[in-house]
Amino acid sequence: MSSEFFRNKFDPIHVPEDGPGAAEAPYRGLYQIMGEDNIKALLRDFYFKLGESPISGMFPKDLEKASFKSALFFIGLLGGPPIYHETFGPPRMRARHMPFKITADFRGVWLRCFYEVLEDYQNYGIPIEYLAGFKAFLDGFSGWMVNTAPQSES
Ligand code: HEM
């Protein structure tokens with residue numbers, strides 16, 4: 001496995017100054033408005049974009065399957081049933097991301113991919129008035145996923 005994208009157990013952990021509080025949850029009526037199929041399509045298109053990005057090596061080969069798991073999380077986040085929580089337990093997202101080397105740069109790639117997919121927000125049934133809030137959540141929360149300082153090599 002490429003160490004470019006995977007952390008060793010003893011790599012120093014970077015803790016973002018803002019903490020998790022930087023991310024305000026998105027509007028929880030979005031699940032009702034968008035519907036489950038649109039949320040799954042959004043995450044699928046996002047993962048396919050990640051698959052063409054410079055951080056594709058971080059993600060599993062079966063992007064569709066991986067996107068489905070993430071979609072379950074977003075379904076709960078956007079006010080739908082808590083299937084992710086019930087199936088996989090407490091989300092503990094920062095901990096679940098610890099195996100991956102998430103630098104500020106890699107996080108930037110991740111966020112740019114999501115924003116690019118959201119340029120077609122209408123395709124996914126996202127009303128324009130909720131777009132900024134959703135993007136603000138992605139911005140804040142992805143910042144909290146950063147766990148590796150740029151100078152850290154292994
Ligand atoms: C808003 C911020 C983010 C959210 C809500 C999010 C959500 C998720 C979820 C729900 C999973 C599945 C976890 C599981 O296995 O149960 C996941 C996995 C993963 N995430 Fe994130 N993530 C975020 C940010 C990031 C960032 C910034 C990166 C890297 C730059 C990243 C890389 C990954 C990788 C490599 C996996 C494992 C493969 C996969 O199952 O997709 N994530 N993420």
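Trainee: How do the axes of H2 and H6 cross, and what distance do they come within?
Mentor: The axes of H2 and H6 come within 9 Å and cross at roughly 130 degrees. Before we go on, this is a predicted model, where local features need pLDDT of at least 70, side-chain atom pairs count only at pLDDT 80 or more, and totals for chains, interfaces and linings use all residues. Residues are numbered from 1 along each chain as its sequence is written, and side-chain values use heavy atoms, with hydrogens and water left out.
Trainee: What counts as a helix and an axis here?
Mentor: Helices are DSSP runs of H or I with at least four residues, and strands are runs of E with at least two, numbered from the N terminus. Axes are lines fitted to C-alpha atoms, for helices over the stretch in contact, with angles from 0 to 180 degrees between N-to-C directions.
Trainee: So what do you call the arrangement of H2 and H6?
Mentor: H2 and H6 are oblique to each other. Under 35 degrees is roughly parallel, over 145 roughly antiparallel, 65 to 115 roughly perpendicular, and the rest oblique.
Trainee: Is their crossing left-handed or right-handed?
Mentor: The crossing of H2 and H6 is right-handed. The near helix turned clockwise from the far one by less than a right angle gives right-handed, anticlockwise left-handed.
Trainee: Which residues meet there?
Mentor: From H2 you have Leu 42, Leu 43, Asp 45, Phe 46, Lys 49 and Leu 50, and they meet Trp 110, Cys 113, Phe 114, Glu 116, Val 117 and Leu 118 of H6. Contact means heavy atoms within 4.5 Å. The residues of that contact divide into nine nonpolar, no polar and three charged. Nonpolar covers Ala, Val, Leu, Ile, Met, Phe, Trp, Tyr, Cys and Pro, charged covers Asp, Glu, Lys and Arg, and the others, Gly among them, are polar.
Trainee: Tell me about H6 itself. How many residues does it have, and how far does it reach?
Mentor: H6 runs over residues 104–118, has 15 residues and reaches 21 Å from its first C-alpha to its last, close to the 21 Å expected at 1.5 Å a residue. The expected span is 1.5 Å times one less than the number of residues.
Trainee: Which of its residues are buried?
Mentor: In H6, the buried ones are Phe 106, Arg 107, Val 109, Leu 111, Cys 113, Phe 114, Val 117 and Leu 118. Buried means under 20% relative accessible area, exposed over 50%, and partly exposed in between, with a 1.4 Å probe and protein chains only. Those buried residues pack against H2 (36–51), H3 (63–77) and H7 (128–144).
Trainee: What about H2 and H3, at what angle do they pack?
Mentor: H2 and H3 pack at about 135 degrees, with their axes 8 Å apart. That makes H2 oblique to H3. The crossing of H2 and H3 is right-handed.
Trainee: Switching topic, where is Phe 59, and is it buried or exposed?
Mentor: Phe 59 sits in the loop between H2 and H3. Phe 59 is buried, at 18% relative accessible area. Leaving aside neighbours within four places in sequence, Phe 59 is in contact with Tyr 47, Leu 50 and Trp 110.
Trainee: And Gly 76, what does that touch?
Mentor: Gly 76 is in helix H3 and touches Arg 28 and Pro 81, not counting residues up to four places away in sequence. Gly 76 is buried at 9% relative accessible area.
Trainee: Last one, what is phi of Arg 92?
Mentor: Phi of Arg 92 is near 35 degrees, a positive value in a residue other than glycine. Most residues other than glycine have a negative phi. Arg 92 is in the loop between H4 (83–88) and H5 (93–96), and at 56% relative accessibility it counts as exposed.
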